[in-house]
Amino acid sequence: MPDKPILGLDKDDRETADRLLAAFFDDYEQSIAQRPLVPEVDREVLADLLATPFPDKGIGVEGLFREINQKILPNSTTVAHPRFLAYVLGPPNGIAPYAEAIAATINQNCNFWQLSPAASVVERAVITWLCGLFGYGDQAGGILTGGGSIATLNALTTALHARRPRFREQGLQTAGSQLVVYTSAEAHRCVDKAAAILGIGLNNVRHIPTDDRYRMRVDVLEETIRADRAAGLEPFCAVATPGTVTSGSIDPIADIADVCTRQDLWLHLDGAYGALFVLSERKREAFAACARADSIALDPHKLLFAPLEAGCLLVRDRTQLAQAYAFSSSYLTVAEDPLMVDYMDYGPQLSRGFKALKVWSALQSFGVDAFRAAIDHMLDLARYMADLIEAAPDLELMAPVPLTAVCFRIKGATEADHTAVLATLIEEGTALLGPARLDGRHGIRACVTNHRTTRNDIELILTRLSDIARHHRGPVGDALEVAL
Ligand SMILES: Cc1ncc(COP(=O)(O)O)c(C=O)c1O
């Protein structure tokens, strides 16, 4: 027997790994603001990575860190950069890498509680805290997922089982009328994707038009449901969005809940981007009706700054989740344990990692007030950005700014112009913003999902954009090229 496990590290190796990891953390933290937002991709280095043969002999700890520092890091996006304002993607909170390391060390399998007792309770504690934010009661439950898209897929699956109690045996094959899902024209594509995966079919997803603030038209929703029912179809689920991905618009949840009650539909909320704004006192009212939803998807890997991946599905009645997912013989016959949950009964996975640890650790170590402060800070920055845009003669907002997504355009610029501007901002290291598309109009989208961003960063971006826009006169393309 060797004196260390074949795949273990001896004391010297551990010391080396500790030192190199601490240096990595430290250098990274110190250099974030100076790092390129988007790497200048070294295709040769990456091709070399791809061409590396199956490594029969290892390169050791130092060799590994060298590879990471020389090849991986320089070819990675700096998501934590304070002017990374694209997508809905933020930097991880400071404790997360440590919690991740501990989760990897103890490697709990969060499938049934006997294998991972503390992990089961920690996940349940996180779910209970989150349920409490939305006014869900004792019957509620949920599960951490790989993200918001998976949470919505799992929610629609649960809704399907609730509607068709024999769905498990029969699938959709022998079902009666065609099931229809309702969402808005501004909904995230994950709703379509879930409907496609579940066999509901994209033709049976209605994208209800929005009002002038990009919120679902509730009158049209109810008319459409009635028309579908009259045509022999079976409306079964509405997906409302408290915080649409493009503009952050908040669908009128209470009114949609009324429609769902009248029309007997499952109400799911896609809160992947928006739901956790409930933490802000200022936004609480806008989310008050969430308690009426049958299920809510949200993303700790967005506003709780958990590193990818950490999504979450909450359901108002956890037995419905179990009816969709539990395959163990015991769940119907054995009384529910008041403390422990078998998470394999709440979702499609059997083996599951300890995602809850990073979410729980951050809430424990920073406290919820720190997250409230971060969210309020981001709301302030988005408002500040919107105010600066409104005051800039050559820029205009494309939509109201209820949360932290700011959609705007350079007056008179085309889609190609905006694309060129975005590329220039990246190239010169000013910012990473994204494209916006609303009502067929094109522009730029900044989404402040970054607790490191400051007012100076916002000013720097808008000063540069105003500069570009000021030069944007005469024939659009030519003038912009000169300005860039
Ligand atoms: C409203 C909305 N729904 C769903 C998603 C997808 O979430 P995930 O990337 O966690 O699957 C997003 C992502 O930004 C979103 O904004």
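Start with the domains. Select residues 11–76 for domain 1, 100–366 for domain 2 and 369–483 for domain 3. The centres of domain 1 and domain 2, taken over C-alpha atoms, are separated by 37 Å. The bounds come from an automatic or database domain assignment. This is a predicted model, where local features need pLDDT of at least 70 and side-chain atom pairs count only at pLDDT 80 or more, while totals for chains, interfaces and linings use all residues. Numbering starts from 1 along each chain as its sequence is written, and side-chain values use heavy atoms, with hydrogens and water left out.

Next, the sheet. Helices (H or I, at least four residues) and strands (E, at least two) are DSSP runs, numbered from the N terminus. Four strands form an open sheet in the order E8-E9-E11-E10, with antiparallel pairing. Pairing requires at least two DSSP bridges between two strands. Select E8 (395–397) and E10 (434–438): these are the edge strands, each with a single partner strand, so one side of each has no neighbour in the sheet. Neighbouring strands are turned by 45 degrees against each other on average, direction ignored.

Three bridges join E9 to E8, and the two run antiparallel. Pick Glu 396: its bridge partner in E9 is Arg 409.

Move to the hairpin. E10 and E11 pair in the antiparallel sense over five bridges. Leu 438 stands opposite Arg 441 in E11. Two residues lie between the strands, and Asp 439 in the turn has a positive phi of about 55 degrees.

Now show the helices on the sheet. Contact here means heavy atoms within 4.5 Å. Axes are lines fitted to C-alpha atoms, for helices over the stretch in contact, and angles run from 0 to 180 degrees between N-to-C directions. H17 lies across E8, E9 and E11, running at about 120 degrees to E8.

Finish with H15 (residues 368–391) and H17 (residues 455–470). Their axes come within 10 Å and cross at roughly 30 degrees. H15 and H17 are therefore roughly parallel, a term for angles under 35 degrees. Which residues make the contact? On H15, select Leu 381, Tyr 384, Met 385, Leu 388 and Ile 389; on H17, Arg 455, Ile 458, Glu 459, Ile 461 and Leu 462. Colour them by class: eight are nonpolar, none polar and two charged. Nonpolar covers Ala, Val, Leu, Ile, Met, Phe, Trp, Tyr, Cys and Pro; charged covers Asp, Glu, Lys and Arg; the others, Gly among them, are polar.

Technical notes
Angles under 35 degrees count as roughly parallel, over 145 as roughly antiparallel, 65 to 115 as roughly perpendicular and the rest as oblique.
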